[in-house]
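Dear colleague,

Please find the structure below, together with its sequence. A short account of the findings follows.

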Amino acid sequence: MSGRARVRARGLARSPSAAEAGRTCAPPSRSRSPSPSPTSVDTGNNEASSTSSFVGTSRMSQSCKYVVSSGDTGCTFTERGGKIRQDFKDLSVCTREKLAHVRDCKRGSSGVPVKLVANLFSLDLPLDWQLYQYHVAYVPDIESRRLRIALLYSHKALSNKAKAFDGAILFLSQKLEAKVTELSSETSRGNTVKMTITLTGELPASSPVCTQVFSIIFRKILKKLAMYQIGRNFYKPSEPVEIPQHKLSLWPGFAISVSQFESRLLFTADVSYKVLRNETVLEFMAGICQETGMSCFTQMCEKQLLGLVVLTRYNNKTYRIDDIDWSVKPTHTFRKKDGTEVTYVDYYKQQYDITLSDLNQPVLVSLLKSKRNDSTEARVAHLIPELCFLTGLTRQATTDFQLMKAVAGETRLSPMGRQQRLARLADDIQRNKDARFELESWGLHFGCQMSLTGRVLPSEKILMQDHVCQPGSAAEWSKDMRNCKILSAQSLNKWLIICSNRDEKVTEDFLHCLRRVGSSMGFNVDYPKIIKVQENPAAFLSALQRHVDPNVQLVMCILPSNQKSYYDSIKKYLSSVCPVPSQCALTRTLNKQGMVMSIATKIAMQMACKLGGELWAVEIPLKSLMVVGIDVCKDEFNKGMVVVGFVASINPGITRWFSRCILQRTTTDVADCLKVFMTGALNRWHRHNCSLPARVVVYRDGVGDGQLQTLLEYEVPQLLSSVTEASSNTSAKLSVIVVRKKCTPRFFTEMNRSVQNPPLGTVVDSEATRPEWYDFYLISQAAGQGTVTPTHYNVIYDDNGLKPDHMQRLTFKLCHLYYNWPGLISIPAPCQYAHKLTFLVAQNIHKEPSLELANSLFYL
Amino acid sequence: MDHCEVLSKKVIEFKPPVYEQRYYFVKNLVNQHGHKKIADLGFGDATLLWMLKYHRCVQYLVGVDIAAKPFEWGGGRLSPGVGSYIIPRELDLTITLYRGSAVQKDSRLCGFDLITCIELIEHLDSEDLAKFPEVVFGYFSPGMVVISTPNSEFNPLFPASTFRDPDHRFEWNRKQFQMWALDVAKLYHYSVEFSGVGDPPAGAEHVGYCTQIGVFQKNRAKPTESSISEPEEHVYEVVSFLWEVYTTSYPSLQQSKYFRFTLSIEAVKSIDLMKSRFLRGPRRKEGDRVVPLGSCTPQDGLTEAQRAEIEQSPKPYSVGEKFYVPLERLLAYPKVNLLVAGSTEKLRTVLAEGLRLNGDQTAVQVELVDYRTQRLFDEHLVSPALES
């Protein structure tokens, strides 16, 4: 059943008797506590929904204090055993304790020390600080969470204490006198309620639960600083960056978190921007209608809108569009909580003074997350397209070069700009009276920005066929290797070029250059057979079908336009139907004045790789080492499918690769096929080297938040069993390293009162790392503009027992080996290869490439 | 000021709840009269203020409550929501909350169009109640006052026979309230009308509404009220007893940065629709210009007359990779027209700040490229930095 169908089915399954629990079509803006509670509780600043709800039936002035609220943080105690924030989950996976060789020290030694500042701030607590956890029971029992909270908060005994309470679990920073405290409060109906507060735990600051409580405290503080929470981050809409040409606003803000780092509790903040489209969903639909016409209008709307997140105009909430109900119109009525019926039009007029202009628009349907686990009732919200805005960029928008350039231009921040924003945030937190009061009442002290010492690893030499070059800059060495011969290349003798009739001249000119640069790099390119065809994708495809046979080494297609269908059909045919390496290039690119030689050089290198050639190498001191890169990504069309890419080196020099890819039907990003791939790679290694590798180091990319435990329990054993079964005597030693490109820590070097990106090869393996992991950060790519993001490496399994220093240096070496770019990249080459492969399959082929291509980098 | 109804569902159930009916009563008055400055005395949990902030006419909202707490009152739902930044209000809105007694003469409450006292007076002790008319009607002297209070004749219908709330000092019957109200109105030159919310159940109509309401309207000596109200605001000697605990202002089109962005966005939306029709429809080359042959006017959301007006204005055209829309054309779009009040000059000045205009400043210039058919895959030129 499709998601849409499910939404429908669930919507229909509502029984009238269940109407009490979760009314369906009430606009979400007016949810109210189920019973008419006599006290009014404003859940305060913590809950986005509070902005919109009619709370309480009274105008009791005693408003409730802050409440630990859910938001989308999913704290254990607020959601009572519900979803834990995924990245917190990973932090409780302690992999380091099993790795004896790094239990005491995981720091490397080589390289030159470098002073760094980080986007981390110390949070100091008294040494004996503890968090006290209490359970609160009510007699008589009270169902309403708001009322429970109000009763407890209004009690004198707790009024001056820092507290966080979700209706059942109470956290205090000061211990109550007795283990069990009995309090009684009176509702304004005059009923006496007894509250029994029982101590259930005393938690040290390092406890993961404390981390959650700290996050809640900071969430509250940022709201005091006039920031709005959208998703997990906080934004300042009052200082927007506006890009009217693209109907976009960017709201500056921060992604923040508080957690236990290597030796202390730290507050992390990174600058983030929220992209908002100044276009209502109704206007977006009108655009679709104008483009596609009415015939497939509804399908196109559903295709483009379902799954997107919208923001409503009248409250602070975001909703995911799960369905569009075309049968409901704004003139239809819905039943409000109090039982009265009202049309959407009247409702929005009455409530928000908004006049709906289009009375024929459908309603958007969003499934509401139920806050209580016991509620089996799926609640849905009906939203009016005219009152909803899209957040973020649609997939199409991200392919708009102009738009992306405009966004990047505004959001790219230099290290100095970023540092200034951070300093301002820290300053705001320290100066704001309310923020200070909040922190003090918990016994927290917001300290200064962290500085730490990293190391810059020695630079690597690039080994060419008869030349060793020490690049001027490791960021890019294309100039350094000009006139150098590449390590090895197969001669290109039998190959085809397909181009449109009009492009014959361009093709000839280009071919001339290609052969010239080829010969200078030691790659012999013979004259191909040139096939001229009509200017349409079908003509290209039929030329392929007619002329490509298994003896053809390579097919080059000169494409007249960048229509996706050209590329997709060519790649699909030549990757799986008739497996032959292929090279596409745009006429427009080949026509670029003054760039022909450098373009021809790049294409020649790609073609050499596609034939199984090797371009360059670095020194690898380990003599029998296989490195593997794994990446996982979602199929573009079929969201239920994931593409797993696996790329392994098959020679000791790490210049030849074995690449496999599979599409698998699973909702998680966890690879299922690793054992088969690993065994295939080991066989391939054996065939080339007549032995098995002594060591295997696997770099796993594409890991989502909260998947660490699954990786350990599910993927590592697959790899391990394949390695063990490959040999009857001594099997290869295995290491598994999780690679994350998106991590929050940022590092800067201080230079004459300004800050800059750290030098290439900077490693950080202290302070900003986690005590429970064997992890380090490595900056291996140059950021031309903007601030560099370090890559985080987490060694989750390690039989090899390499010294941390060697592990770091090996990782750095591997970042030099991506043949599509003569320079350093942000992740180890095998990961980038795996990424490129999965991306091609997920975007263009949607099919497993043929095994015959596995020995070449056909996907570059 | 707890004014909750101790209602037993078995006995009487109001739909919608009676507190909500009271708020809607006020909202209706605001809709009728278009009040600009409103103060709520005894704002409690600020639900009424929150409901009033959505009214387009309201520009200044003030709440006073003896128990307003500064820190606990982050103002939550009174603050502008994210939506208010995406679609700013037409008019400015400032919301301010004060802590203090409603019977203190604070000059900041003078000159209002409406002062509401919802379920307030029954909480006042006799001393404060005595001061109340003089302060609210005599000193604050707003254009309109709304006072609601329980109707004690209704009480026998409730199970409890005492007051509806332990903090109530009195609960009046209709006669008591009306006598008090008429005296006050007479003394301070107001006229008063009586009404209420919370209909009695069938068979008990004689008890009247659950909540009785008096709407007091100031008698105007001169009919030209608007001309007086402006200077009046400055007459008061500044007296402040109330402690400001919260204040916020909303983004609005009266602020130039929001106006500029809203106008630019509205223009770009119209231009995008034109461009999309231009690219899909037949066109002809005229000199260096390419002009559309058909209509470039959207079908939806416009009346016949509006479409005709757009059709008569100068057509958009393209030159090379650029698309041009004459300002006159944009001005024919009702939303754009409304924003600049029909002024081409204003449109030109404001758009020039955010968008690109052509050489002689008569048309907006945008890229002709249609991103929906664009695709970047030029495989050999993509550096890894761009891929990730």
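Two strands count as paired if DSSP finds at least two bridges between them; helices (H or I, at least four residues) and strands (E, at least two) are DSSP runs, numbered from the N terminus. This is a predicted model, in which local features need pLDDT of at least 70 and side-chain atom pairs count only at pLDDT 80 or more, while totals for chains, interfaces and linings use all residues. Residues are numbered from 1 along each chain as written, chains are lettered from A and ligands numbered from 1 in the order written, and side-chain values use heavy atoms, without hydrogens and water.

In chain B, strands S9 (residues 283-286) and S10 (residues 289-292) pair in the antiparallel sense over four bridges. Arg283(B) has Pro292(B) as its bridge partner in S10(B). Two residues lie between the strands of this hairpin, where Gly287(B) takes a positive phi near 65°.

The mean pLDDT (the predictor's confidence in each residue, from 0 to 100) of chain A is 83, and 87% of its residues reach 70 or more.

Kind regards
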